[in-house]
Amino acid sequence: MITDHGRNHKEVKLEHGNLHVFANDEVFASLENKVYEMADNNLRIPRHVYMSYTPDAHVGIGTCIGTTAVWNMSDGFVSPSIVGSDIGCGMRVHMTSLHKEDLQEKSLRRKLIQAIEKYVPTHERASSHYKNVRADKVVMEGLYGLPSEYIPDRYSPEERRSLTHVEHAKFEFDHDHLDEIPEKNWKRAWQQIGTLGGGNHFVEIQYIKLNEEKRSIAEQWGLFDGQIVVMIHSGSRAWGGMLGPRYTKDFKQVMGLWGVESPDRNLVYAPINTEQGQRYIHLMYSALNYAVVNRHMIAYGVREGFKDVFGSDFEMPVLYDLMHNYALKEFHRNQPMLVHRKGATRALPAGHFLNRESYKETGHPALIPGSMGTSSYIMVGEQGGEKNFYSICHGAGRIRSRRATKELITVDEFAQSMKVGTDDEVLVNHRTLKSILDECPQAYKDVDQIIDSVVGADLASVVAECKPMAVIKGV
């Protein structure tokens with residue numbers, strides 16, 4: 001049974017609970033049966049408070065990407081499956097003083113790509129350039145664990161944007177849980193700081209078009225029409241990746257001891273207040289610290305590349321950094337709750353107490369990537385987001401697997417979507433498009449329909465549309 005609440009909000013009654021779906025009619029009609037099957041499996045977890053899908057929802061491992069799931073801290077559950085394997089994966093945007101016209105020449109964009117690749121390792125097995133960054137400091141202290149030379153605004157202690165204009169600069173947790181981490185994991189974490197990773201991770205050079213209705217907010221944030229910005233998508237790399245399999249195994253063992261059965265072997269969970277639940281939450285926070293530092297150091301490398309091209313005085317202040325794979329303790333309905341977001345972005349409105357001080361007045365930037373070659377968006381949360389625990393989409397959302405994309409989409413179709421051969425070509429760092437065909441726009445939903453769904457549901461509004469000019473992908 002489906003209840004239509006209006007404004008792109010439908011409530012689907014499933015066997016084990018109700019699922020809220022925020023999507024326009026076209027997107028809602030496109031959702032496959034499997035996403036509802038997975039939602040019902042998730043709703044079997046006892047004492048759930050709320051569960052929803054954003055319009056980019058699609059099948060994942062154990063849980064759909066695009067899920068928000070909530071439990072009370074007092075008697076609730078935590079699920080690694082509803083956090084996802086790339087813990088802390090998220091977005092970051094940096095501003096520049098450049099205008100679109102400054103990068104109109106394709107040769108200059110190509111030069112910039114090559115300069116950035118000198119500082120941002122893109123090969124899967126490449127090692128970090130930052131040998132004086134300590135993995136233990138990063139994991140325990142987040143951005144505060146970096147040597148001061150990597151905080152580019154260190155000359156202004158009263159306004160350190162690198163630390164204040166981020167969703168979280170540091171997560172507190174019990175460091176004793178780190179004692180059980182094998183030495184090989186520490187070594188790999190050290191080697192990967194500031195590296196991009198593969199899959200859908202990227203560095204993208206974009207220009208922006210402001211939404212007139214939100215121009216005032218955009219200008220308060222430092223944005224202007226035609227401005228060149230840099231969008232970064234990456235996560236906690238191997239540090240977060242090792243936690244998923246490790247603790248999925250632990251959770252399966254205790255579920256077996258309790259006699260708990262899950263219809264999906266990839267869906268695991270445990271009460272928050274158990275030994276297993278607490279250990280996972282604390283180590284998840286360590287991965288969130290690693291993730292925000294990793295994006296920061298990627299951005300540091302991008303800035304060095306821009307300096308090589310535009311001079312040593314070039315600045316690239318951060319607009320915002322946020323995550324879309326995590327479980328956080330938040331206060332809703334006057335009580336503490338554990339809010340899982342797997343492929344979902346928090347979008348707090350103006351005046352919300354959880355906003356960083358820098359964005360109390362306006363609400364913070366919510367950063368939504370499109371697919372390669374399509375627009376991305378900078379949004380801001382609206383008061384109506386309260387009904388969905390202030391969660392919005394995290395991107396376009398896949399409609400085809402990587403294998404299916406390679407079988408169904410031709411390189412010529414991909415090239416056309418990237419405007420190859422024209423003055424507006426979106427340049428990439430790969431020699432051939434064939435090597436990244438599985439990340440073509442045709443593998444994803446129409447991001448404009450996703451944004452329309454979010455805006456129509458009164459969850460968030462568009463502040464700026466970001467048009468791609470050059471993309472750097474992992475090799």
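These legends cover close-up views of aromatic rings and charges in a predicted model.

**View 1. Tyr50 and Phe389 form a tilted ring pair.** The model holds 13 aromatic pairs. In this one, the ring centres of Tyr50 and Phe389 lie 5.0 Å apart. Their planes meet at 40°, between the 30 and 60 degree limits, so the pair counts as tilted. The two residues come from distant parts of the chain, 339 residues apart. Tyr50 belongs to strand 4 (residues 50-58). Phe389 sits in the loop between strand 16 (376-381) and strand 17 (391-392). Both Tyr50 and Phe389 are buried.

**View 2. Tyr130 and Tyr150 meet edge-to-face.** Here the centres are 5.3 Å apart. The planes stand at 75°, over the 60 degree limit, so the pair is edge-to-face. Tyr130 is buried, as is Tyr150.

**View 3. Tyr130 and Tyr150 share an aromatic cluster with Tyr300.** Tyr130, Tyr150 and Tyr300 make up one cluster.

**View 4. Lys131 places its charge over Trp190.** The charged end of Lys131 is 4.8 Å from the centre of the Trp190 ring.

**View 5. Arg398 places its charge over Tyr444.** The charged end of Arg398 sits 5.0 Å from the centre of the Tyr444 ring.

Note on methods:
Residues numbered from 1 in each chain as written. Predicted model: local features only at pLDDT ≥ 70, side-chain atom pairs only at ≥ 80, totals over all residues. Heavy atoms only, no water. Phe/Tyr/Trp six-rings, centres within 6.5 Å; stacked < 30°, edge-to-face > 60°. Helix = DSSP H or I, 4+ residues; strand = E, 2+ residues; numbered from the N terminus. Buried < 20%, exposed > 50% of the residue type's maximum accessible area, 1.4 Å probe, protein only. Lys NZ or Arg CZ within 6 Å of the ring centre and 35° of its normal.
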